[in-house]
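Visitor: I am new to this structure and would be grateful for a close look at a single part of it. Please take the sheet as the subject and then place it in its surroundings.

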Amino acid sequence: MNETLEKLVAAIKTGKRKDAKSATATALENGTEPQLILDALTEGMNDVGVRFRANEIFVPEVLVAARAMQKSMDLLEPVLVASGIEPEFSVVIGTVQGDLHDIGKNLVGMMLKGANFKVIDLGTDVSADAFSAAIKEHNPNVIALSALLTTTMPSMEEIVDCINAMDTDVKVMVGGAPVTQEFADKIGAHGFSTDAASAVELAKKLCA
Amino acid sequence: MPNKDLLLKALKCEQTERTPWVPFVGVHGGSLVGVDSEAYLKSSDKIVEALKVAADRYRPDGLPVVFDLQLEAEILGCQLSWAKETPPSVASHPLDDDYDMDSLPEFSVEKGRIPLVLDAVRRAKAELGEDIALYGLLTGPLTLALHLRGDDVLLDMFDEEDEVPELFDYCADIANQLVDAYIEAGIDVVAVVDPMVSQIGPGHFRDFVAKPLNKIFDHVRSKGALSSLFVCGNATRNLEAMCETNCDNISVDENVDMVQLAKIARNAGKSFGGNMQLTVVLLLGDANDAKRDAVRCMDQAGEGNGFILAPGCDLPYATKPENLEAVASLIGDNYQIDIARNLPAKDANDSFEDVVPPDYSKEEAVIVDVITLDSAGCAPCAYMVKAAQEAGKAYGKAIEVREHKITGRDGLGYMTKLGASAIPSLCVDGKEQFASIIPERKDLVARFTEAAEAK
């Protein structure tokens, strides 16, 4: 890895958006392969994920890292598209009906992007119908459901029931502050993760 | 029961003769009186009606009057989105573009839904306040700041070091206006609910959140009331920092290890509460799940003062009332607590194949299986065994009374295989005939006769 890409990795790890932007611009000007730049972003976000899971850093630190990554992606994305580099797997993500909280969902979405997933974000307060329509339209590998309110967890169950009743191989993963493995098992979800970093590992496992 | 003074003592870490119980009836109150959450949270009549139902059915020592963390945000210009079975959510953030707090509508406890909440407090105080401590809930500074500014607050803690403390201080001042109004209306305990604390680390908590929280807790104390810090979500990493604040009590949800909280809180001289599982147990589970989980909380809280049994957070709308009634039935009843402690885990995949009841139809005698906690130490169990023995003598024909104690594998096996619905349970030739209630002798003799005739 050259010096510019090392700078990019460091900028992602510490959430320095200006540094991330300038390192990406320099790398592109120097003719660095877009895939290598993407790999550097993935490396940075992986490190963030590891520290997040180890309780060394928390949501705000992950958000600044993701914001720095987004600054880099703004420059990189058009180049990736032009080079025909496309993510292998796709995830449809959303916060379940009745719940307008999106920090957790956005974090998972950003971490998934950092791990080179195609992410289709349906936003918040998403109904079972909207999820099934998205499955039909995008044929994703994984559906990721988020809930922050305990009171909206029943809506999560409704959506899982609806998806499981469809003729599809899509895997459903669930998460959010009040969600537990026990609850995930109970409603028939394929996977549960406690945080955004493990969600990426889980998505990879579900796609394998 | 209920016993407000006992709860207040526990909140102050004084010794109490039993564990106090505070079910957080928020939107669940709507289901108790048959209206959706919007109709509920907009009507002091419905709120007071539900509190009376909750007081009657759940026999609590304390109750929150309203659990809605959007009350202040609504007045300050956040748009709310209402749902049928949840509290409203904030759908817009008026400080999205900048930190211009002067541009926000002026806050007043005369605005929005606060007058109806205060009306509910006054009426609940008059009707229930003698026996039940009333909790007044307000939005903690971090959560209110997020309502006003959006997620950017979390990023701004890195870049906008001057603006963020100003906003948090503004939020604490809003909270203190509500504290004054609550205490004047008769609130006993002010709960500062700051669920977003579970999303930050102890560094940010100490740097940004502790100060505005203390501004509120100090104000509550100066008014002679008690304060609690409610945090939903996994706040484990922040427990020590939370216990460094000036609140009297910390309340947490199921994501936090109660053993760890008990240790940290007691070291800091704080009372603490929680953390019954909201969905898996109280919403989706049954009465036995609720009892087991209540005992799990009490056991994890351990010996010592200052523990308050409560759900982890706002009870889901459709929480089964019978589950909360089951918890109420345990409170202060060591016998029920012992039984719940011995209930086999629901997910235990134990079919007790080694415990084999006889083929009752082939037994000459009528077989009476009495499933007990232990007749030596449990009065209702002893009466049930004695009733069976006495009725056996009165029956006068071939009969055998066997006690199975659920403190051992034999008892648990019989309980599972014969489907005992409560302890003590009396089964005649393998069928449960009486559960919990001790039958009269003539009724028992009649069942013995029927069983003998059926052989």
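Guide: In this predicted model, chain B holds an open sheet of seven strands, which follow the order β1-β4-β5-β6-β7-β8-β9 with parallel pairing. Its edges are formed by β1 (62–64) and β9 (307–311) of chain B, each of which pairs on one side only. Between neighbouring strands of this sheet the turn is 25° on average, with direction ignored. As a general point, strands of a sheet pair through backbone hydrogen bonds, either parallel or antiparallel.

One pair within the sheet may be examined in detail. Strand β4 of chain B, residues 133–139, and strand β5 of chain B, residues 189–193, run in the parallel sense and are joined over five bridges. Thr139(B) has Val193(B), in β5(B), as its bridge partner.

The wider setting is the chain itself. Chain B is divided into domain 1, spanning 4–342, and domain 2, spanning 360–454. The centres of these two domains of chain B, taken over C-alpha atoms, are 46 Å apart. Their contact draws on four residues from domain 1 of chain B and six residues from domain 2 of chain B. On the domain 1 side, the touching residues comprise two nonpolar, one polar and one charged.

Chain B also meets chain A, in a contact that takes 24 residues from chain A and 30 residues from chain B. On the chain A side, α4 (59–83) and α8 (181–187) are the elements that give two or more residues. Of the elements there, α4(A) gives the most, with five residues. The chain A side as a whole divides into 13 nonpolar, seven polar and four charged residues.

How values were computed: Residues numbered from 1 in each chain as written. Chains lettered and ligands numbered in written order. Predicted model: local features only at pLDDT ≥ 70, side-chain atom pairs only at ≥ 80, totals over all residues. Domains from an automatic or database assignment. Contact = placed C-beta atoms within 7 Å. Nonpolar A, V, L, I, M, F, W, Y, C, P; charged D, E, K, R; others polar. Helix = DSSP H or I, 4+ residues; strand = E, 2+ residues; numbered from the N terminus. Pairing = 2+ DSSP bridges. Axes fitted to C-alpha atoms, helices over the stretch in contact; angles between N-to-C directions.
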